[in-house]
Amino acid sequence: MPKKFIKNFTIEDASSYFQSIGEKPYRARQLFNWLYEFNVDSFAAMTNFSKTLRAKLDEDFLISPLTLEERLISADGSEKYLFKTHDGHFIESVLIRRDDSNKERTTICISSQIGCPMGCLFCNTARIGYVRNLETAEILDQICQVRRISGIKNDNVVFMGMGEPFLNYDSVMRAAEIMNYSFGFHISVRRITISTCGIIKQIERYIDEKRPYNLAISVNDTIPQRRAQLMPVEKTNPIEKVARLLERKFPATRNRVTLEYVMRSDNIEEQDALRLKKLFRHSKIKINLIRLNQTALRLDPPSNESIEKFVKALEVMNVPITIRKSFGEDIDAACGQLSGKRYDHRIQITQLTKGIFHEQR
Ligand code: SAH
């Protein structure tokens, strides 16, 4: 029988497993400390377990479902990790380092699917198409490996890598829950963000289930026809309906929903700001602006002047606005650029200069 991934276990699963083999249930907490707090990569390292127990675990389970294929380091300090899955597919994770009022804050951007079925035209991941959902263990192992290899304990986690997290709802929620365990990574729920292109049924389920993590929605446009051209999800899940759902259901006691808005040259007129304001006027939101990164589809990014004007026009909404700085563009690690290099035969790494790999097309 093939070994199971131990990182698919919740604390309850681990407790029942230990009981089933005649061990005390408190072993489960110890196991989670080893796996996530101490982040070990072998059962042999779990020294408060008997030799027999370690051997038994090793017989039944695998700790790491992913193997590192490549690590790229950008001039700005961000890092991109390419991992291979047990069945020969590739996913990417990004470590982002940024100074926040003299304190370094680090974020790991993780993938939730291999490829993505959503088909957003400005995003390279869509070009892979959909391969499969990641298991919880594969989601969590991205964090374990990035932490172990970089030596950095990230503060934040964002589900903004490859894939649509709300199409892999159960495994994503289970992974987020495990990240939050105090006997593990102990990442606060306010430091975990789940980003969706706007799948209404799943957003509703997320709200109904009172999931405590930050919610981000990729709005990117407010004109239905224009949004539908770039984000096919608009045809079945109009952003207007997403807005109405938030208005109706999102509790006032919760953290603001983040509206992500990728700025192109043609979606940041004053009228766009007014439409955004009108659409979300009754919802508890904040706005996160991202300048379009170059991907396979050559859309135009906006000028700095037009961005400034757009921000001014948005200020009348009286909600927090942040402009997300892009990281890792030189290593194709920025938003929209994750394509699992192995899927793109036109891209080859050919040179190593100043510690940075340059990809040549
Ligand atoms: N599927 C999820 C999460 C992955 S995308 C979602 O759609 O939210 C994460 C963010 O990157 C989204 O807000 C998306 O709109 C943005 N993005 C995609 N392509 C981009 C590009 N070329 N430039 C800048 N941001 C991009």
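The shell of residues around the ligand is made up of ten nonpolar, nine polar and three charged ones. Keep in mind as you explore that this is a predicted model. Let's look at the ligand's surroundings, and then at some aromatic rings.

**Where the ligand sits**
- In total, 22 residues surround the ligand, and the closest are Ser 195, Ser 218, Asn 220, Glu 260 and Asn 293.
- Domain 2 (65–196) and domain 3 (212–327) both contribute residues to this shell, so the ligand lies between them.
- Three strands, S10 (192–196), S12 (257–263) and S13 (285–291), each provide at least two residues of the shell.

- With Glu 164 the side chain takes part: one of its N or O atoms is 3.1 Å from a nitrogen atom of the ligand.
- On its own the ligand would expose 540 Å², and the protein buries 95% of that.

**Aromatic rings**
- To describe a pair of aromatic rings, we use the distance of the centres and the angle of the planes.
- The structure has 15 aromatic pairs.
- Tyr 17 and Phe 18 form an edge-to-face pair, because their planes stand at 65 degrees, over the 60 needed; their ring centres are 5.5 Å apart.
- Tyr 17 is buried at 12% relative accessible area, and Phe 18 is buried at 1%.
- Tyr 81 and Phe 83 are stacked, because their planes are at 10 degrees, under the limit of 30; their centres are 6.1 Å apart.
- Tyr 81 is buried at 0% relative accessibility, and Phe 83 is buried with a relative accessible area of 0%.
- One aromatic cluster is formed by Phe 9, Tyr 17, Phe 18, Phe 49 and Phe 61.

Definitions and conventions
Residues numbered from 1 in each chain as written. Predicted model: local features only at pLDDT ≥ 70, side-chain atom pairs only at ≥ 80, totals over all residues. Heavy atoms only, no water. Near = heavy atom within 4 Å. Polar contact = N/O pair within 3.5 Å; in protein donor to acceptor, adjacent residues only side chain to side chain. Areas by Shrake-Rupley, 256 points an atom, 1.4 Å probe, with all protein chains shown as cover. Helix = DSSP H or I, 4+ residues; strand = E, 2+ residues; numbered from the N terminus. Nonpolar A, V, L, I, M, F, W, Y, C, P; charged D, E, K, R; others polar. Domains from an automatic or database assignment. Phe/Tyr/Trp six-rings, centres within 6.5 Å; stacked < 30°, edge-to-face > 60°. Buried < 20%, exposed > 50% of the residue type's maximum accessible area, 1.4 Å probe, protein only.
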